[in-house]
Amino acid sequence: MVRSRRGLTILELSIVVLLVSMVLFTLVSITSRFSRFKSTEDEGTILRDSLVFARSTAITSNEPIFFEFNLDEETYRAYRKESKDGEIAEKDVIKQRNLSAGNSLIGMQVGSSNRETRGKIVIRLFPEGSSDELAVFMGSDPEIKATVLFSRYGKGEVGVGEKTSALEDPSFRENLEEW
């Protein structure tokens, strides 16, 4: 007579738990790599919030903050200048930020000037406001997927696609000032 057994032995149960754990570990490690990928709109929101933060820092410190865009390296940062022992030093307000994979700083337009697509551009944020409106074009070169618009008084918005006419439109400034 053959006995049929019901259930799993401890050894079999341990092997199943080990295999399930290995599969879960592999899945978690693979999906954690995808956190480096953010949508262009998410990157635009982070940039807009960084600009607003830098402007708020200029107001609270009553000092100009310098917001630097490096279009060649696709990075940005904010800093203030301090005098130490007769030398001017840069102190980070926002550490250099690289855009996530698949996103680029395609270009910028400051006020009614021409669009810049290369080099470093520094925007000065003063406690009383910046000198011009700003449009930052983001996406995967050459396609512009989002535009970050920033007013001279520290308000910003992220628009889908390319938005340039807002810089010349007086209602842009008025609408942002109402926020």
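This is a predicted model: local features need pLDDT of at least 70, side-chain atom pairs count only at pLDDT 80 or more; totals for chains, interfaces and linings use all residues.
Visitor: How are the rings of Phe-67 and Tyr-76 arranged, then?

Guide: Their centres are 5.8 Å apart and their planes meet at 20°, so the pair is stacked. Stacked here means planes under 30 degrees apart.

Visitor: Is Phe-67 buried or exposed?

Guide: Phe-67 is buried, with a relative accessible area of 0%. Tyr-76 is buried too, at 1%.

Visitor: How many aromatic pairs are there in the whole structure?

Guide: A search of the whole structure gives 4. One of them is Phe-66 with Tyr-79: ring centres 5.5 Å apart, planes at 15°, so that pair is stacked.

Visitor: Where do Phe-66 and Tyr-79 sit in the chain?

Guide: Phe-66 is in strand 1, residues 65-70, and Tyr-79 is in strand 2. They are 13 residues apart, and the pair links distant parts of the chain.

Visitor: And their relative accessible areas, what are those?

Guide: Phe-66 has 10%, so it counts as buried. Tyr-79 has 4%, so it is buried as well. The cut-off for buried is under 20%.

Visitor: What lies over the face of Phe-66?

Guide: Lys-81 does, at 4.8 Å from the ring centre. There is also an arginine example: the charged end of Arg-115 sits over the ring of Phe-137, 4.0 Å from its centre.

Visitor: Let's zoom out. How many helices and strands does the chain have?

Guide: It has 3 helices and 9 strands. Starting at the N terminus, the order is α-α-β-β-β-β-β-β-β-β-β-α.

Visitor: What share of the residues is buried?

Guide: Of the 179 residues in the chain, 35% are buried. The accessible surface of the chain is about 11400 Å², and carbon and sulfur atoms account for 52% of that.

Visitor: Of the contacts between residues at least 6 apart in sequence, what part joins residues at least 24 apart?

Guide: That part is 54%.

Visitor: On to the open sheet. In what order do its strands come?

Guide: The order is 4-7-8-9, with 4 strands and antiparallel pairing.

Visitor: Which strands stand at the edges?

Guide: Strand 4, residues 104-110, and strand 9, residues 156-160. Each has a single partner strand, so one side of each has no neighbour in the sheet. From one strand to the next, the twist averages 20°.

Visitor: How many bridges join strand 8 to strand 9?

Guide: There are 5, and the two strands run antiparallel. Strand 8 covers residues 143-150. Leu-149 has Glu-157 in strand 9 as its bridge partner.

Visitor: Which helix lies across strand 8?

Guide: Helix 2, residues 40-61. It runs at about 20° to strand 8 and also lies across strand 7 (134-140) and strand 9.

Visitor: Give me a residue in strand 8. Is Thr-147 buried or exposed?

Guide: Thr-147, in strand 8, is buried at 0% relative accessibility.

Visitor: What does Thr-147 touch?

Guide: Leaving out residues up to four places away in sequence, its contacts include Ala-135, Val-136 and Phe-137. Glu-157, Val-158 and Gly-159 are also among them. Separately, the C-alpha atoms of Thr-147 and Gly-44 are 7.1 Å apart in space, though 103 residues separate the two in sequence.

Visitor: Back to strand 2. How many bridges join strand 2 to strand 3?

Guide: There are 9, and the strands run antiparallel. Strand 2 covers residues 75-84 and strand 3 covers 87-98. Lys-84 stands opposite Glu-87 in strand 3.

Visitor: What about the hairpin: how many residues lie between the strands?

Guide: There are 2. Asp-85 takes a positive phi near 50° there, although it is not a glycine.

Visitor: Why point that out?

Guide: Because most residues other than glycine have a negative phi.

Visitor: Is Asp-85 buried or exposed?

Guide: Asp-85 is exposed, at 82% relative accessibility.

Visitor: And Glu-74, what is its phi near?

Guide: Glu-74 has a phi near 55°, which is positive. It lies in the loop between strand 1 and strand 2. At 27% relative accessibility, Glu-74 counts as partly exposed.

Note on methods:
Residues are numbered from 1 along each chain as its sequence is written. Side-chain values use heavy atoms; hydrogens and water are left out. Two strands pair if DSSP finds at least two bridges between them. Axes are lines fitted to C-alpha atoms, for helices over the stretch in contact, and angles run from 0 to 180 degrees between N-to-C directions. Contact means heavy atoms within 4.5 Å. Rings of Phe, Tyr and Trp (its six-membered ring) pair if their centres lie within 6.5 Å; planes under 30 degrees apart count as stacked, over 60 as edge-to-face and the rest as tilted. Buried means under 20% relative accessible area, exposed over 50%, partly exposed in between (1.4 Å probe, protein chains only). A charge sits over a ring if NZ of Lys or CZ of Arg is within 6 Å of the ring centre and within 35 degrees of the ring normal. Accessible areas come from the Shrake-Rupley method with a 1.4 Å probe; for residues, only the protein chains shown count as cover.
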